[in-house]
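Me: Can you walk me through this one? I'd like the overall fold, then some details.

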Amino acid sequence: MDQQHYMEQQLRNMGLSEEEIALYKQQLQPPATSANDWPALFKDVKQFNHLFSGDDADVTDGDEHPPALSLNPRSRLDIRQQWAVACGADIAFVNRLYLNDVTTGTDGLTCREQLSEWWDINNTAALQETLAWLQESGHRIEYDIIWQAINAVSMKESKAFLKEHIATNELEEAVVMERLRNTREALELFRQRELINENLQPDMLIWDFGRIINLSRSGYDAGYISYEQAQEYIQACVPLIKRTYTSWKHLSVSYQFARCVWNGVEMGSFEILRNNMEHLLAAPESPWVRLPFNSRLF
């Protein structure tokens, strides 16, 4: 399967009809580019990952370094519920969302537009389908295969391992091979910056579960699910997050590492996210400071 067919299949998996896919390609079409010239529309796989990996708003360098923490003074959540919401703080912080409530602090229209643009979610059914996928497998299943390949003795053996599993699981070779390279580059960078070591290894769970938390919140604000349903989705993430991570830093480093795997190592974004993490770990009003990760109270 070549890159064009892979991208078309991803659009089908997102629920688009053949007519909608053709219209989408036409809308992206520059005047001087053929409608079938996907390399001109998506110059590389990384560009496609940004659009369709479920990544949220671009991490860009704004006026504030880092932005101010956004907290809802009227939050009804108890400390246990706030702790669960705080597990999605890497995403919420960069998108200027409340860090201590189910509501994001964003109006319903904006939430609906963002869900549509970033996730192709336009109704309750699409939201619930996406949340179910993130709960059951998400991106972490593909990463498990990549991680096994990473541990092969040589790059040649890694590629051979991946090609076997690509054939078995019908994954796109170009995409998986790029993510293998991304993983190797991320490992080198995170080791150089002493963010990971033998005792602190990244885990991809938060890449999926952080999205469950924040999609549930945006889905509530968009009117697609109730407050109680959003709470159920968020709270369901807690047991596995607690079993997987040892600290807020471990959770945050894992999120940042996963972003590098899926979107490539971009130093600007990496530095912003790392600075955001340091701020969340130090600011007195931060939920990561007020709510200890391993508290016995919740």
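Reply: Here is a quick tour, from the whole chain down to single residues. Keep in mind that the model is predicted.

Me: Fine. How many helices and strands are in the chain?

Reply: The chain has 17 helices and zero strands.

Me: And what share of the residues counts as buried?

Reply: Of the 298 residues, 51% are buried.

Me: What about contacts between residues at least 24 apart?

Reply: Take the contacts between residues at least 6 apart in sequence. Of these, 76% join residues at least 24 apart.

Me: On to the core. Which residues in the largest nonpolar core touch the most other members?

Reply: Phe190, Ile241 and Leu251 do, in a core of 65 residues. Helix α15, residues 248-263, gives the most to this core, with nine residues.

Me: What does Leu251 touch, not counting residues up to four places away in sequence?

Reply: Leu251 touches Cys87, Asp90, Ile206, Ile241, Tyr245, Trp288 and Phe293.

Me: Switching to α13. Which of its residues are buried?

Reply: In α13, residues 227-236, the buried ones are Tyr227, Ala230, Gln231, Tyr233, Ile234 and Gln235.

Me: What covers them?

Reply: The cover over the buried residues of α13 includes α5 (79-86), α8, α12 (205-222) and α14 (238-244).

Me: Let's look at α8, then. Thr130 is in there. Is Thr130 buried or exposed?

Reply: Thr130 counts as buried because its relative accessibility is 14%, and the cut-off for buried is under 20%. The helix around Thr130, α8, covers residues 124-136.

Me: Where does a polar atom of the Thr130 side chain lie?

Reply: A polar atom of that side chain is 3.0 Å from the backbone oxygen of Ala126.

Me: And what is Thr130 in contact with, leaving aside neighbours within four places in sequence?

Reply: Thr130 is in contact with Trp119, Ile121 and Leu215.

Me: Last topic, cavities. How many are 30 Å³ or more?

Reply: The structure holds three of that size.

Me: Which residues line the second largest cavity?

Reply: The lining is Gln256, Arg259, Cys260, Asn263, Gly264, Glu266, Ser269, Phe270 and Leu273. By class, that lining has three nonpolar, four polar and two charged residues.

Me: Which helix gives the most to that lining?

Reply: Helix α15 does, with four residues. Both α15 and α16 (267-282) supply at least two residues each.

Technical notes
Residues are numbered from 1 along each chain as its sequence is written. This is a predicted model: local features need pLDDT of at least 70, side-chain atom pairs count only at pLDDT 80 or more; totals for chains, interfaces and linings use all residues. Side-chain values use heavy atoms; hydrogens and water are left out. Buried means under 20% relative accessible area, exposed over 50%, partly exposed in between (1.4 Å probe, protein chains only). A polar contact is a pair of N or O atoms within 3.5 Å; within protein, one must be able to donate a hydrogen and the other to accept it, and residues adjacent in sequence count only if both atoms are side-chain atoms. Contact means heavy atoms within 4.5 Å. A nonpolar core is a set of buried Ala, Val, Leu, Ile, Met, Phe, Trp, Tyr and Cys residues joined through side-chain atoms within 4.5 Å. On a 1 Å grid over the protein atoms alone, a cavity is a set of points where a 1.4 Å probe fits but cannot get out, and a pocket is an open set with protein on both sides within 12 Å along at least five of seven lines; lining residues have an atom within 4 Å of a point. Grid points are joined across faces, edges and corners, and a volume is the space filled by probe spheres set on the points. Ala, Val, Leu, Ile, Met, Phe, Trp, Tyr, Cys and Pro count as nonpolar, Asp, Glu, Lys and Arg as charged, and the others, Gly among them, as polar.
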